[in-house]
Amino acid sequence: MKRTFAFLMFLLLVGTGCALAKDYTVTFHTGAVGGLYMEPSIIWTEQLQAAIPGLKTSCILGGGTTNPIIVAKGKPNEVVGLTDPVTARDASKGAGEYEKRLPGGTKVLRALWRFNVTSWSHILVRPEKVPAGVKTLGELLATKPKLRVTLKSRGSADEIFAQRLFESYGYTYDSLKAGGMSITFNNPADMATLMIDGHADVAISTARVPASYLLDMESSIKDMKWLAVDKPNAEKLRDTYGYIMGVQPAGSYASVKQDIPAVAIDHIVFVHEGMDEELAYQMTKTILSEPAKVRGAVPAMKTFDPKVAGTKTGIPLHKGAVRAYKELGLPCDDK
C-alpha cells in the first residue's frame with residue numbers, strides 16, 4: 001500500500017511539476033502596456049504558476065533601463081526583470097545610462113532565457129534629404145548635411161543606441177549641432193508626427209517589426225529612405241557594446257525592397273545571481289519545455305526557440321538555468 005501511494009505521488013509530481021522546498025512569490029518587472037515585454041510575461045507567469053507547486057507569480061509595469069536596477073537591489077527570490085542584452089551588459093559594467101545610476105556597475109545580474117525576437121536599428125530619412133546614390137548613414141554624413149534629427153527620449157535604449165551610432169562615425173551630439181544639425185528627443189508617436197509633417201528629416205530608433213509608428217511614417221511619406229549602417233561601424237557597435245550585426249530583411253516593411261545592413265538587439269529574462277538555484281532551474285525548465293504556449297499566444301514571440309534561448313544573453317546565465325539547459329540537452333553559454 002505504501003509503495004502504491006508513493007508511486008501515485010511520483011506520478012502527480014511528474015504531471016504537475018516538482019514542488020519547491022518552500023513557497024515563493026515572484027514578480028516579473030516588464031515594460032509598457034502594449035510593448036513586447038508585458039504580453040509574454042503574462043503567459044510565462046501563468047505557465048510557471050500552473051506548473052510549479054509553491055510558486056506564485058505576477059506582472060507589473062517596469063522599464064528596460066530601470067529593471068536591471070530593480071533586480072540588482074531587490075530580494076533575489078522575488079524579482080524577475082526583462083530588458084535587452086546590451087542594456088544588461090551596460091548595467092553590469094556601469095556604462096551608458098548606468099554611469100551615474102550604478103557607479104562601477106553590478107555583477108549580480110544573471111540571465112534565464114533569451115526571446116529570439118530581433119529589434120532592428122532604423123535610420124529613416126525623408127526622400128528629398130537623401131542625395132542620389134546615398135545608401136548608408138556614413139555616406140549621408142559625408143555630405144555635411146544640415147538635418148533635423150528626431151530620436152527617442154533621453155536615456156532610453158534607443159537614444160543610447162543613436163548616441164553610440166553617431167560616435168562610431170566620430171560625431172557627438174555637440175559636434176553635429178555645431179555642424180548645423182538639430183536634435184530633438186521625443187516619444188515614438190511624436191517622432192512619426194514630426195517626420196510626417198516635415199518638421200524632422202531623420203528618425204533613428206530600434207524597434208521590432210512591425211512597429212506602428214514606423215508604419216505610420218511609411219504610409220504617409222512617399223519613397224521614404226531606409227539607410228544602412230556601414231559595415232565597419234556595425235562591427236564596432238557589435239564588438240564594443242554587444243549589438244547584433246546582421247540585415248533587416250527585405251519585405252519587413254512594404255518599402256524595404258532589399259536587405260538593409262543594420263544592427264539589432266534581442267531581449268532577455270533575467271534575475272539576481274542570489275536567486276535559489278532550484279527556483280531558477282524550475283522556472284527555466286518549465287518555459288523551455290513548453291515554448292508553444294508563448295508562441296501561440298503572442299504573435300511577436302513566434303520565433304522563441306529553446307535552442308538559442310541560452311546563448312548571446314549579454315550577461316552570464318544563472319547556474320540554475322545552466323542546469324536546466326544541460327538537463328534538456330540544449331545549447332547554452334556556460335561561463
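**Reading helix packing and burial in a predicted model**

User: The axes of H12 and H14 come within 7 Å and cross at roughly 40 degrees; why are H12 and H14 called oblique to each other?

Analyst: Angles under 35 degrees count as roughly parallel, those over 145 as roughly antiparallel, those from 65 to 115 as roughly perpendicular, and the rest as oblique. The axes of H12 and H14 cross at roughly 40 degrees, and the pair is therefore oblique. The axes themselves are lines fitted to C-alpha atoms, for helices over the stretch in contact, with angles running from 0 to 180 degrees between N-to-C directions. This is a predicted model, in which local features need pLDDT of at least 70 and side-chain atom pairs count only at pLDDT 80 or more, while totals for chains, interfaces and linings use all residues. Residues are numbered from 1 along each chain as its sequence is written, and side-chain values use heavy atoms, with hydrogens and water left out.

User: Which residues of H12 and H14 meet, and what makes a pair of residues a contact?

Analyst: Contact means heavy atoms within 4.5 Å. On the H12 side the residues are Glu277, Glu278, Ala280, Tyr281, Thr284, Lys285, Leu288 and Ser289, and they meet Lys319, Gly320, Ala321, Arg323, Ala324, Tyr325, Glu327 and Leu328 of H14. By class, the residues of this contact divide into seven nonpolar, three polar and six charged, where Ala, Val, Leu, Ile, Met, Phe, Trp, Tyr, Cys and Pro are nonpolar, Asp, Glu, Lys and Arg are charged, and the others, Gly among them, are polar.

User: How do you know that the length of H12 agrees with its number of residues?

Analyst: Helices are DSSP runs of H or I with at least four residues, strands are runs of E with at least two, and both are numbered from the N terminus. The expected span of a helix is 1.5 Å times one less than its number of residues. For the 13 residues of H12 (residues 277–289) this gives 18 Å, and the end C-alpha atoms are 18 Å apart, which agrees. H7 has twelve residues and reaches 16 Å between its first and last C-alpha, close to the 16 Å expected.

User: What makes H7 a mostly covered helix?

Analyst: Buried means under 20% relative accessible area, exposed means over 50%, and partly exposed lies in between (1.4 Å probe, protein chains only). Nine of the twelve residues of H7 are buried, including Ile160, Phe161, Leu165 and Phe166. In H12 the buried residues include Leu279, Met283 and Ile287, and what covers the buried residues of H12 includes strand S1, helix H2 and helix H14.

User: How do H7 and H11 pack, and why are they called oblique to each other?

Analyst: H7 (residues 157–168) and H11 (residues 231–241) pack at an angle of about 125 degrees, with their axes 9 Å apart.

User: What makes H9 and H10 roughly parallel?

Analyst: The axes of H9 (residues 188–196) and H10 (residues 212–220) cross at roughly 10 degrees and come within 9 Å. An angle of that value is under the parallel cut-off, and H9 and H10 are therefore roughly parallel to each other. The contact includes Met191 and Ala192 of H9 together with Tyr213 and Met217 of H10, and its residues are seven nonpolar, one polar and one charged.

User: How do you know whether His29 and Asn186 are buried or exposed?

Analyst: His29, found in strand S1, has 9% relative accessibility and so counts as buried. Asn186, found in strand S7, has a relative accessible area of 15% and is also buried. Leaving aside neighbours within four places in sequence, Asn186 is in contact with Thr150, Leu151, Lys152, Ser153, Met191 and Leu194.

User: Why is Lys144 called exposed, and why is Asp223 called exposed?

Analyst: Lys144 has a relative accessible area of 58%, which is over the exposed cut-off. Asp223, at 53%, is over that cut-off as well. Lys144 is in the loop between H6 and strand S6, whereas Asp223 is in the loop between H10 and strand S9. Neither is a glycine, yet Lys144 has a positive phi of about 55 degrees and Asp223 has one of about 65 degrees.
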